[in-house]
2 protein chains.
Amino acid sequence: MKAAVVGGGVIGGGWAARFLLNGWDVHVCDPDPEAKRKVTEVVANARRSLPGLLDEAMPDEGKLTISNEISAAALDADWIQESVPERLALKRAVYGEVQKICRPGTTIASSTSGFTPSSLQEGAAQPGDIVVAHPFNPVYLLPLVELVGSDRNSETAMDKAQRTLEGIGMKPLRIGKEIDAHIADRLLEAVWREALWLVKDGIATTSEIDEAIRLGFGLRWAQMGLFETYRIAGGEQGMEHFIAQFGPALKFPWTRLTDVPDLDSDLVKKISDQSDAQSGSLTIRELERIRDNNIVAILRGLKTQNYGAGRHLRSLDEKSAIKLQYPLNAPLMTADRVIPPDWTDYNGHVNEVYYLEIFSKATDRFLEFAKCGPDYASEGYGFFTVDTRLRYLSEAVEGQRVRAFTQCLMFKGKKLHLHHTLKSDGGRDLATGEHFLLHADLTQRKTVEPNAKRVKPLHEIANAHSGLEKPESISFG
Amino acid sequence: MKAAVVGGGVIGGGWAARFLLNGWDVHVCDPDPEAKRKVTEVVANARRSLPGLLDEAMPDEGKLTISNEISAAALDADWIQESVPERLALKRAVYGEVQKICRPGTTIASSTSGFTPSSLQEGAAQPGDIVVAHPFNPVYLLPLVELVGSDRNSETAMDKAQRTLEGIGMKPLRIGKEIDAHIADRLLEAVWREALWLVKDGIATTSEIDEAIRLGFGLRWAQMGLFETYRIAGGEQGMEHFIAQFGPALKFPWTRLTDVPDLDSDLVKKISDQSDAQSGSLTIRELERIRDNNIVAILRGLKTQNYGAGRHLRSLDEKSAIKLQYPLNAPLMTADRVIPPDWTDYNGHVNEVYYLEIFSKATDRFLEFAKCGPDYASEGYGFFTVDTRLRYLSEAVEGQRVRAFTQCLMFKGKKLHLHHTLKSDGGRDLATGEHFLLHADLTQRKTVEPNAKRVKPLHEIANAHSGLEKPESISFG
């Protein structure tokens with residue numbers, strides 16, 4: 001598959017990275033002589049953060065081309081993403097050029113923050129192929145994309161667009177009614193406008209406003225959003241009570257939103273001076289890496305809770321999860337993933353804890369394959385690890401692709417003995433994990449003999465693996 | 001220290017929990033006959049989430065009293081927190097009653113979202129003792145508190161209030177100018193108002209708006225806030241460029257904020273129906289626990305990055321960190337903490353990975369005590385773990401207090417051999433961790449002999465510990 005990305009700024013570069021890392025060939029076109037450097041830098045940022053966000057390996061990267069030739073980009077493209085500046089005439093001119101070249105039926109998606117699909121479609125040769133797909137920076141990490149059509153777009157065309165966006169790991173929010181600025185930017189604009197007043201009136205600095213957000217409601221919004229948060233605030237009496245309690249405040253003259261602050265040079269200078277004082281010691285690239293590491297850490301946290309964006313990521317993992325397969329003539333591959341940027345410790349390599357995290361998930365996957373995973377837990381049984389040996393053989397680092405291979409050394413009575421090997425992409429041994437587990441009754445919280453018939457699949461694997469060569473170093477026996 | 005909490009709703013209960021878990025005695029007063037149950041439930045929620053947010057144990061809990069007697073609450077109080085409904089006359093009446101009883105100079109802090117300190121102080125006997133300390137729900141988890149005074153409050157009084165709030169783990173944001181609704185609620189109100197329009201106009205449901213937030217900009221705001229995020233969006237040309245690019249949109253008629261939506265029964269019903277469809281299958285208590293687990297997971301993620309609210313939490317940990325001490329006549333206590341709620345796996349106990357997380361941090365702390373921690377890394381040297389044995393002896397569960405004790409079994413040449421024991425509050429062995437480490441040159445990434453003089457403190461510990469009784473089970477050596 002090939003994506004054409006028209007406009008190679010922060011947003012276009014983010015789209016390019018997302019398509020590329022999901023296996024698409026990408027042709028970016030931009031007249032800026034610096035476009036190549038800029039897009040390459042965004043793609044580099046994406047490479048260090050996106051793959052490690054997932055617990056599964058991504059497809060092989062596609063081929064990246066960056067040029068100033070819009071026709072070459074559009075030729076044979078399966079998706080065209082327009083991210084040029086917010087000028088309607090410019091956007092329409094791009095569609096005109098592109099639709100001379102591309103196949104009819106090829107989706108042209110605009111990253112516009114403000115324009116409606118109807119206004120973008122006006123005068124186009126194939127208006128029904130043009131939609132809005134409005135992403136959020138960093139495009140390669142944030143799942144949200146607002147997908148908006150007009151009545152000129154068929155349901156089929158919108159469904160197809162949705163599937164493509166889902167295919168590159170995004171979570172499209174289909175918006176039924178066209179309005180200027182869609183949904184999220186209307187909320188953002190409301191906050192931005194109010195924040196400008198707070199700075200202009202000298203109530204708070206940019207840094208204080210950021211603190212007020214990230215130490216307070218930002219933490220609520222990252223996982224539940226607005227309404228679910230307020231539902232809780234309403235307490236046992238629910239949403240109606242909340243509105244009754246807080247509704248009247250809307251009538252107070254709290255906000256300055258009936259006015260628009262004048263963005264004169266004084267205000268611009270005030271904001272940019274305060275922002276320099278707050279973050280000026282870091283370059284934009286450094287800030288981007290900090291932001292990406294933070295977002296990865298937050299998202300990985302939400303994944304453990306299977307909630308919000310974390311739930312979305314889990315569903316991506318499930319989609320691309322390795323399928324363990326018969327025949328059992330070799331250790332099973334139980335992990336194939338990339339080391340995320342938030343696993344590095346002060347010694348400059350992956351912290352010892354995360355090796356066990358990989359092995360622990362490998363054990364989970366092995367048990368699931370043997371029909372002794374979460375379903376077995378809901379029947380009231382499971383395996384508890386009682387002894388573990390970890391040997392660290394080579395350093396692993398951020399961005400590295402690693403694989404785990406699991407061999408069942410023994411399963412007898414209630415005893416299960418597993419051995420994992422973690423390997424680098426080049427096949428070098430990075431670590432081994434040897435685990436001794438006991439079968440347990442989860443209700444009584446004690447070890448018990450399993451029902452032989454129920455654990456037959458596990459016996460089959462153990463039998464098959466008993467014929468394999470034993471690992472070099474075994475501690476438990 | 002004793003805190004009086006006047007008003008035992010969601011906010012008052014949250015304050016009570018925060019003071020209590022930070023070692024204060026708390027007297028909550030509220031005329032609601034249900035107050036006791038409600039406050040107790042909020043405190044129970046706090047007990048399961050706050051202690052595990054920290055990597056260090058909190059002080060012993062204070063004593064909780066819940067009654068309807070405001071005078072008994074205010075008597076001998078060191079801090080009075082008022083969280084009664086948002087009616088000015090009611091709040092002033094509370095201050096009148098309280099100031100008849102409490103010592104002059106005792107801070108009376110209002111949780112008000114909207115009123116200014118000046119308006120609260122009017123008519124009070126000791127106006128200079130009344131301030132605004134506006135927290136965010138859940139009060140026991142979110143660090144932000146807006147601290148606002150008027151010109152009747154002395155600098156000394158404000159500084160004292162700030163120190164008290166810091167002492168219960170909060171991050172006070174001192175707001176220099178009084179305005180209605182302070183800072184954060186002005187931003188929140190702007191979004192709330194706009195969101196109401198989106199629902200009323202049928203553009204989006206409550207669930208879609210929540211998705212738009214938590215899959216998109218909510219993830220940015222949880223860590224950087226508004227301005228730092230936009231600084232990055234401006235790219236290499238910085239904040240001025242961003243404003244130039246996006247400023248003009250303020251003139252577009254995107255938002256509906258010049259109008260106020262009428263909260264008639266139709267709109268209230270629409271919102272509460274949509275909210276029921278979105279979250280109605282869960283009780284408020286269940287939603288609260290989900291929210292708290294999510295926030296703990298996000299905050300623990302941000303702690304790994306030492307950023308935003310995560311940086312604040314790290315500073316709290318540092319403040320209450322165990323001080324390892326001579327004489328070395330016993331294993332060193334290297335961890336004293338509570339198991340957080342996000343560590344539980346599908347078997348209903350602490351996942352095996354987190355035992356290693358505790359031991360890994362115990363090793364870090366031991367090395368720091370021996371002057372071989374992060375400072376040594378910045379000199380270019382460190383210790384790499386090469387072999388680990390973990391024995392799981394008893395199950396550990398959410399909310400449990402645990403301690404780790406570390407013994408140095410050997411330090412010779414480049415070899416370091418450590419043994420950790422994890423114990424329950426009752427002294428039961430939960431797990432052991434045995435770690436074999438090698439001294440390494442971080443520049444050359446290889447093991448080397450250390451400079452004997454530099455690692456003298458480590459030799460001293462090893463010598464002292466060599467006289468201690470050896471642990472029962474040793475694998476390496």
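Because the model is predicted, local features need pLDDT of at least 70 and side-chain atom pairs count only at pLDDT 80 or more, while totals for chains, interfaces and linings use all residues. Residues are numbered from 1 along each chain as its sequence is written, chains are lettered from A and ligands numbered from 1 in the order in which they are written, and side-chain values use heavy atoms, with hydrogens and water left out.

**Exercise 1. Describe the fold of chain A.**

Step 1: count the elements. Chain A has 16 helices and 14 strands, taken as DSSP runs (helices: H or I, at least four residues; strands: E, at least two) and numbered from the N terminus.

Step 2: get its dimensions. The C-alpha trace of chain A spans about 75 × 55 × 45 Å along its principal axes.

Step 3: look at burial. Of its 477 residues, 62% count as buried, that is, under 20% relative accessible area with a 1.4 Å probe, protein chains only.

Step 4: check the contacts (heavy atoms within 4.5 Å). Among those in chain A with a separation of 6 or more, 71% come from residues 24 or more positions apart.

**Exercise 2. Characterise the interface between chain A and chain B.**

Step 1: size it up. The buried area is about 14,000 Å², with 66% given by carbon and sulfur atoms; this is the accessible area (1.4 Å probe) that two parts lose on being put together, summed over both. In residues, 145 of chain A are in contact with 145 of chain B.

Step 2: find the charged pairs. Eight salt bridges are counted between the chains, each a side-chain nitrogen of Lys or Arg within 4 Å of a carboxyl oxygen of Asp or Glu. One of them joins A:R186 and B:E194, at 2.7 Å from N to O.

Step 3: look for strand pairing (at least two DSSP bridges between two strands). Strand β10 (residues 381–392) of chain A runs antiparallel to strand β10 (residues 381–392) of chain B, and five bridges join them. For A:D387, the bridge partner in β10(B) is B:R391.

Definitions and conventions:
Buried < 20%, exposed > 50% of the residue type's maximum accessible area, 1.4 Å probe, protein only.
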